[in-house]
Amino acid sequence: MNMLSPTAPLERGVTPSPPPGDALVRFEGVRKVYPPRAGNASFVALDHIDLSVARGSVLGVIGRSGAGKSTLIRLVNGLEKASAGRVIVDGADITGMSERDLRGVRRAIGMVFQHFNLLSSRTAYDNVALPLEIAGVAAADIRRRVEPLLELVGLADKRDRYPAELSGGQKQRVGIARALATRPKALLSDEATSALDPETTRSILDLLGSINTELGLTILLITHEMSVVARIARQVAVLDAGRIVEQGDVYDVFTRPQHATTRSFLGAVSGQKLPGWLAGRLRAEARPGDQTVVRVVFRGPIATDALVSGLVKTHGVDVNILSGAVDEVAGRPFGALVLGLPADPATLTLALAWFAGHGLDAEVLGHVG
Ligand SMILES: Nc1ncnc2c1ncn2[C@@H]1O[C@H](COP(=O)(O)OP(=O)(O)OP(=O)(O)O)[C@@H](O)[C@H]1O
């Protein structure tokens, strides 16, 4: 196995894109069954999992509570064993590996936790140094390793602070520096931002993003938040009741969701979830005087005002904006407008043709009075 040693030099610079099929972590037909316990039946936590995390990539796994996210991540560092199928890490099948060999695998995989898991009796510096002490690295080498890491995460001035003296975001920065101490090839992030406020979340995700690009580190992150995946990942897998129901490029999956679970995560951003007042009044059949409700999805930059006013001016179509949301997914704008249009077939045909002519997907959702 080609694992990095804890004393390997820090490699900087943008890593070239991995060749196709060059996965650092690969799940092949993985099933995980927890055995029966305390009167409960056995439980299938994961099934039919086929998933590849390409070297140098950021893959987000999104799922609701109980979907199997933690189980999935624990299979990568051998804290859980697959009941069937194979988990391949850096070319080695870890499914039947001995505890001794698994220790080598774990050194090549850094882990960042939701609740940071720092030792309260150790300073920031000593927390980051801990995995190196355990690996038997000499004190001088530890210093040479830890100081640039504290610098990298923006905590050089907090090296002697104890966890109780640090904010949540700062604690997570220590957690990230500690995860990087053994020069891992992959970083597993288990809801790393779930305990943080939105602004701190963004700064931690940006830090992880720059670690990915600058150090070429492969990141597998699990989350229940669509915004986390949208901000940092390029690939996504949607986990639902132990199965991957959808996976692929983040922008493609989020802008053209195929599965109901994916749609529910996207919520208001994609216009998939209508405002309550509208959803409750929507009906399939038009009544006299109704408006037809149309969702227009746009991918990429678009001047929504110009679009609507163009339709009004060119075709004299009366347009009512009912709701709208614009966001950014994988660095590209994405959003939806929900419009009310006259419920007259000729006008509607004209409007739908107008949207299609502008490269926009438009879908009739129903009618509202
Ligand atoms: N050791 C275990 N024994 C039996 N069942 C387990 C065990 N660990 C997890 N499970 C069950 O497996 C399912 C998946 O759990 P897992 O922790 O992987 O989900 P999760 O998506 O990470 O959820 P959360 O977001 O709430 O942490 C759950 O129904 C859980 O109860």
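Biologist: Count Ala, Val, Leu, Ile, Met, Phe, Trp, Tyr, Cys and Pro as nonpolar, Asp, Glu, Lys and Arg as charged, and the others, Gly among them, as polar. How do the residues of the shell around the ligand divide?

Modeller: Four are nonpolar, seven polar and one charged. Bear in mind this is a predicted model: local features need pLDDT of at least 70, side-chain atom pairs pLDDT 80 or more, while totals for chains, interfaces and linings use all residues. Residues are numbered from 1 along each chain as its sequence is written.

Biologist: OK, which residues surround the ligand?

Modeller: Y34, F43, A45, G63, S65, G66, A67, G68, K69, S70, T71 and H224 (C-beta, placed from the backbone, within 6 Å of the ligand).

Biologist: Where does the largest share come from?

Modeller: From α1, with three residues. Both β2 (43-54) and α1 (69-76) supply at least two (DSSP runs numbered from the N terminus: helices are H or I, at least four residues; strands E, at least two).

Biologist: New topic: at what angle do α3 and α4 pack?

Modeller: About 130°, with axes 10 Å apart, for α3 (124-134) and α4 (139-152) (axes are fitted to C-alpha atoms over the stretch in contact; angles run from 0 to 180 degrees between N-to-C directions).
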